[in-house]
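Me: Please take a close look at the place where the two parts of this chain meet, and then relate that place to the rest of the fold. A plain account is enough.

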Amino acid sequence: MKPLARSVTGVTASGIRRFFDLAAQVEGVLSLGVGEPRYPCPPAAKRAAIAAIEQDDDAYTSNFGRLSFRQAIAESLKTHHGVTYNPNNEILVTTGVSEGADLALRSILEPGDEVIFFEPAYVSYGPTVIFAGGKPIALATSAANEFEPDPDQIRKVLTNKTKAIVLGYPSNPTGATPSKAVFEEIVKIAQENDLWLISDEIYGRLVYGVEHTCISSLPGAWERTILLGGFSKAYAMTGWRIGFACAPPEVIEAMMKIHQYTMLCSPTISQIACEAALRESEADVDELVKAMEKKRNFFVAKLNEAGLDCPMPKGAFYAFPSIKSTGLDSETFTERLLHEKKVLVVPGSAFVGFSGDVETGRNHVRCCYAVPDDILEEAANRIIDFVKSLG
Ligand SMILES: Cc1ncc(COP(=O)(O)O)c(C=O)c1O
């Protein structure tokens, strides 16, 4: 048999998967592992989907996505993030932010082009860059700086091959939500060096006591930014698989071309449901955000009580405590916590695969606190017991 593509075999499967497989073999696990809100999706979305099915509203849509949906996306972006996109040619409906990131990178990269991002990072960035023919340049961040990106580090790794910077804030896995000033500096670097900015703002609505900075709202950013957003997190609609990309028309046209030939369009029923969510479910999103903030406050206090140093994350729905005080590395901590207390977290090592940042990878774990209160409380108590048992 001829070999599979090296670009694929050279990438290791996500470090998260191994622990999910382990957890599947343990009965009664409390999972803080999966990055999704265990929360019902907005009732208006369910009703719209059911009506669409009953009315046979299930044919292909425009390759760009339904126009009325794109109009709703444009209105929502204007209201919440102060950015303007023309629904006719500057917005593409995608099959999750996952597809949006893939299309963005494939639309701009030539073989060997370098793409900078900061780790710990969402596990897809590096592999998606590679699949698009690019070279990931991952920069480490540190707990001492609340895992915020340091623009000076970008300057140090720029080459004539650098094509883009991927930003993902608020951050999965750290919850880092940098200030506007940090992003302004990054935009300046992008302008000076003519770089694209791909900004994954899937957690943009999930901020607590701070403002989210939408990258394309910053002066000089719009024309070089591909903004990605979606419904998986703030709308609790992971399985509906809908996201969107916003960018200047020529970029959206390029992304649409790939989408057209590989996906045709994103699922129609899901588009209808997400449009209803946008138009009718503001109160549900507000309620989810409030609930997440309460969970965060409760859980981070518990982690600190357990002796696991954890500053308050300002966004997303993850805590990323240090486990250094336990003397265990993150993978051993995760395996033992799973087997001894039946609680699943994700080792920090899963999020530093491209920078190889041992300090952060060894000494942190990611806990998703977007779970029902009773599970969160029980999991927190078990973590406290586990740390105590280590003496
Ligand atoms: C930062 C980030 N981007 C993108 C995704 C994937 O989003 P979607 O479900 O819209 O494909 C996730 C999911 O965990 C994420 O955390």
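Reply: In this predicted model, the centres of domain 1 and domain 2, taken over C-alpha atoms, are separated by 24 Å. Domain 1 comprises residues 6-41 + 283-389, and domain 2 comprises residues 56-281. Their contact takes 38 residues from domain 1 and 36 residues from domain 2. On the side of domain 1 that touches domain 2, the elements that give two or more residues are helix H11 (282-305) and strand E9 (318-319). H11 supplies the largest share of that side, eight residues. By residue class, the side of domain 1 that touches domain 2 divides into 22 nonpolar, nine polar and seven charged residues. In soluble globular proteins, nonpolar side chains tend to be buried together.

The largest nonpolar core has 122 residues, and at least three of its residues come from each of domain 1 and domain 2. The residues with the most contacts inside this core are Ala104, Ile165, Leu197, Met237, Ala245, Cys274 and Tyr369.

Leaving aside neighbours within four places in sequence, Leu197 is in contact with Ala164, Ile165, Leu167, Ala190, Ile215, Ala221, Arg224 and Thr225. For a reference point elsewhere, consider Glu359, which is placed in helix H13 (residues 358-363). The C-alpha atoms of Glu359 and Leu197 are separated by 28 Å, and the two residues are 162 residues apart along the chain. Glu359 counts as partly exposed because it has 13 C-beta neighbours inside 10 Å.

H10 covers residues 268-280, and its 13 residues should span 18 Å at 1.5 Å a residue; its end C-alpha atoms are 18 Å apart, so expectation and model agree.

Several loops have backbone features to check. The peptide bond from Glu119 to Pro120 is cis, with omega near 0 degrees. Pro120 lies in the loop between strand E3 (114-119) and helix H6 (125-131). The peptide bond from Tyr169 to Pro170 is also cis, with omega near -5 degrees, and Pro170 is placed in the loop between strand E5 (162-167) and helix H8 (180-192).

Positive phi values come next. Phe147 is not a glycine, yet it has a positive phi of about 60 degrees. Phe147 is found in the loop between strand E4 (135-140) and helix H7 (151-157), and it counts as buried because 26 other C-beta atoms lie within 10 Å. Arg241, likewise a residue other than glycine, has a positive phi near 60 degrees. The loop that holds Arg241 runs between strand E7 (225-230) and strand E8 (243-246). With 19 other C-beta atoms within 10 Å, Arg241 is partly exposed; the cut-off for a buried residue is 20 or more.

Back in domain 1, which includes residues 6-41 and 283-389, Glu27 and Lys342 are 315 residues apart in sequence and 8.0 Å apart in space, C-alpha to C-alpha. Glu27 is placed in the loop between helix H2 (15-24) and strand E1 (30-31). Glu27 counts as exposed because it has 6 C-beta neighbours inside 10 Å.

The whole chain gives the setting for these details. The protein chain contains 14 helices and 12 strands. Of its 391 residues, 51% count as buried. Among contacts in the protein chain with a separation of 6 or more, 75% are between residues 24 or more positions apart. The C-alpha atoms fill a box of roughly 60 × 55 × 55 Å along the principal axes. A compact globule of 391 residues would have a radius of gyration near 21 Å; the protein chain has 21 Å, so the two agree.

Conventions
Residues numbered from 1 in each chain as written. Predicted model: local features only at pLDDT ≥ 70, side-chain atom pairs only at ≥ 80, totals over all residues. Domains from an automatic or database assignment. Contact = placed C-beta atoms within 7 Å. Helix = DSSP H or I, 4+ residues; strand = E, 2+ residues; numbered from the N terminus. Nonpolar A, V, L, I, M, F, W, Y, C, P; charged D, E, K, R; others polar. Buried ≥ 20, exposed ≤ 12 C-beta atoms within 10 Å, placed from the backbone. Rg over C-alpha atoms; globule rule 2.2 N^0.38 Å. Expected span 1.5 Å × (residues − 1). Core = buried A, V, L, I, M, F, W, Y, C linked by C-beta atoms within 7 Å.
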